[in-house]
Amino acid sequence: MTTDNLRNIPVLGKLWEQIEAMPPPVIEDSLLLRILVQLLVIVGIVATDVAAEEAQNLWAVPVSIVGATWSWYRRRDRNVAAKFCIAIGMLVALFAFFSRLVGELNDTRLVLAQLLIQLQVLHSFDLPRRKDLGYSMVIGLILLGVAATLSQTLTFGPLLLVFLALALPTLVLDYRSRLGFVKPEAIGEKAQGKGKNDSLSLFAATLSPKNFAWLLLITVGLGLTIFAFLPRLPGYQLRTFPVSAPMEYQGEFDSRSILNPGYVRGGNEKGTGGGRGRNPDSGPGEVDSTFYYGFNQRINQNLRGEMKPQVVMRVRSQAAGFWRVLGFDKYTGQGWEISRNEQAQKVTRPSWSYQFYLNPFPNAPRTQEVIQSYTIVAPLPNLIPALNKPKELYFPSPEVAVDAEGGLRSPAELGEGVTYTVISNVPFRDRSLLGKTGTNYPKNIRNFYLDVPPKIAQKVREKTEEILARTRVSQSDRPIDSPYEKALYLAQYLKQNPNYKIEKALPYLEEGEDLVEAFLFGYKNTQDGKKVTGGYPDHFSTVLTIMLRSIGIPARLAGGFDTGEFNPFTGYYVVKNTDAFLMTEVYFPNNGWFGFNPIPGYPLIPASVEDNQTFSAIESFWKWIAGWLPTPLRSGLDSVIGFVIGWITLIVGWFVGQFAKGWVGLFTGLIAAIGFGFIGWLIWQLWRKWRHRRWLAKLPPVEGVYQEMLKDLASRGFVKPRAQTPLEYAEAMRGNHATDEAEVIDEVSQAYVRWKYGGEAGNLSQLRQLVENLRRSHLKKLKKRWF
């Protein structure tokens, strides 16, 4: 169909005529500006693919370049037919967007980014005005923002710097175009009779390489400073959480099954993940180099060897913590097992949502909601890591299971790329409150968490009571009677006692030999008959658990991942397979389970919501810097920085607490904010005056008097332009001031010129008096005006 035929369509023809009758737009002729804008868009497209780790949108780069080139050559034409085609293409892109949106409700960020990219490609074929280029700049910025939310590594960083390096000259050119500094017909074309491009020469004069380098460094420096001091406040209200595409699995979900690719039950069968078969349920065995042995229904602690470090997941969380995977209640003598594995219950989510409701009723007096998003980087078992007391789970499968020990299970192994979100009600750890809980344990707790093998029960109990009895000497014969304090003391004892060290060359346990007994009193199978006590890191937790059980304190073993290494630039905790370990959990009536870590080299109390995370970025940066400083200097600076951060955290926490107390708290917080703002403004003004006085004191006397007069006039709104000479400025002031004031301004200006170019000092006392009289006359006028 030709253009003439399109014009003959009734509705389309009228619309065509109206478009042609419209006044022509103001054309943007800056070729350099167009090139920079196109580069910004390209960086945004590439950044989206890099952050998503997929090459789905690279086709848009060459197509948008073709469109921008065509638009440059056709910028002075109306291109009505092209506009209609672009509009139809945008409608098609919108329809495709809604079609994809229905199938990818789990995470709409990439779908929205793809829509923006498609719209930008179509939009690139019609860019006549500066406003159209502005739309493209905004799209490039939005794509970069989407990439920032998707990125989990530092590969996004270089693209961010490239975007900034392109954005600075782009904004300069855009600003010059808005002000009309260069005539449109001269921009992008060679001026008549000149051998160089006017726009390029003017741009180079405005933003020279030296100025550009300084501006870039200042911008990056300010950005990093703001980022470092930006508080990470908890409790954000976002409820559209990242979840990956639905996982695929075959067959019916068996909630009792735990699939660990590196460990197959019995050690002689091939599992789903290609188990290596080197870990029998009991007896000597070898640790898998990739997968952690502690993630299974039954674990054997008679394995030897170590894993090779490998990143397994990245976690974005409002608080650091122990990423708990599962718990064990039954001690087997050389390992642990989940005795009530068959009681794991399935939980089903609705088909229209990825949300599972798990445990909405916390059993602790005080909890804090913590949101965590996990991205799996390397294959893991079908066990779902989460902070303690998960209440909601957003997971890409129709079913999950919850076992009797609070562990979460997936229908299939967690493969690379799986993303899910957990909301946990993490209990606060109040030492004084936990120390008063008593020993009134429920029946189900006593039945499962006090069991100790009979052959070692008395021996371990006597050893434990002997250790606790030693504290009376150092504490004025006052015994430890609180279960919480006993757990703390025993964990600290195992951690610091030189008799119990981490032994890498540990002998295997013989058949019938008990791990706890061997750890505390020595292994039977030792070389050269030497007595070996201690063991592998996880053995410390096993020993503490059994010692607590032997004196009537309910305890169990929990497996999971340590917090990992926090990356302040991405906001993610990077967790490795070697971060996995076992920890003791102790039960306290009406408060639930709390962890104790007796392993040397780890904190005694795991990280949790009690640890402040508000300024974690600057804290991480300081730890990196502190590693290079001498110990005395580092200790002193630690105290100073800790004091400052403590006070800042206290103030920020108070403000956040006020805004959470309803209307009264809201108004209290606003009033306090206004008061602090006024005090800050007052301090700033005093500091500026002090700086100005210091600057005046360093100037020659005559110039100091002249500059003082200029500042007084500037405060009234009469700022001296740099291009004006002192005498031109004095002449301009005659039309805005009374005759006597104008004479004073002229006399001081004349004295300054005579000193500047003739070396005449003049009468300084008289000049100072004239400037003072000028200031007083202005104050008198203000009093008459107001009173």
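Arg 693 is exposed, with a relative accessible area of 62% (exposed means over 50%, buried under 20% and partly exposed in between, with a 1.4 Å probe and protein chains only). Arg 693 belongs to helix H20, and together with Arg 688, Lys 689 and Lys 711 it forms a patch of positive charge on the surface. The model is predicted, so local features need pLDDT of at least 70 and side-chain atom pairs count only at pLDDT 80 or more, while totals for chains, interfaces and linings use all residues. Residues are numbered from 1 along each chain as its sequence is written, and side-chain values use heavy atoms, with hydrogens and water left out.

**Positive patch**
- Helix H20 (residues 662-698) gives the largest share of the positive patch, three residues; helices (H or I, at least four residues) and strands (E, at least two) are DSSP runs numbered from the N terminus.
- Patches take in residues with over 30% relative accessible area and no salt bridge, like charges being joined within 9 Å and nonpolar side chains (Val, Leu, Ile, Met, Phe, Trp, Tyr) within 5 Å.

**Salt bridges**
- The whole structure holds 22 salt bridges, each defined as a side-chain nitrogen of Lys or Arg within 4 Å of a carboxyl oxygen of Asp or Glu.
- Arg 298 pairs with Glu 337, their closest N and O atoms being 2.9 Å apart; because Arg 298 lies in strand E2 (residues 298-300) and Glu 337 in strand E7 (residues 335-337), the pair ties together parts that are 39 residues apart in sequence.
- Within that pair, Arg 298 is partly exposed at 27% relative accessible area, whereas Glu 337 is buried at 15%.
- Arg 431 and Glu 485 meet in a salt bridge of 2.8 Å, N to O, and since Arg 431 is in helix H11 (residues 431-434) and Glu 485 in helix H15 (residues 483-496), the pair ties together parts 54 residues apart in sequence.
- Arg 556 forms a salt bridge with Glu 585, the closest N and O atoms being 2.8 Å apart, and this pair links strand E16 (residues 555-561) with strand E19 (residues 580-588).
- Arg 556 is buried at 6% relative accessibility, Glu 585 is buried at 5%, and both belong to a network of salt bridges that also includes Arg 324, Arg 340 and Glu 405.

**Helix H13**
- Helix H13 (residues 454-469) has 16 residues and should span 22 Å at 1.5 Å a residue, which agrees with the 23 Å between its end C-alpha atoms; the expected span is 1.5 Å times one less than the number of residues.
- Buried residues in H13 include Ile 456, Val 460, Lys 463 and Leu 468.

Methods. Areas by Shrake-Rupley, 256 points an atom, 1.4 Å probe, with all protein chains shown as cover. Lys, Arg positive; Asp, Glu negative; His and termini not counted. Charge placed at Lys NZ, Arg CZ, Asp CG, Glu CD.
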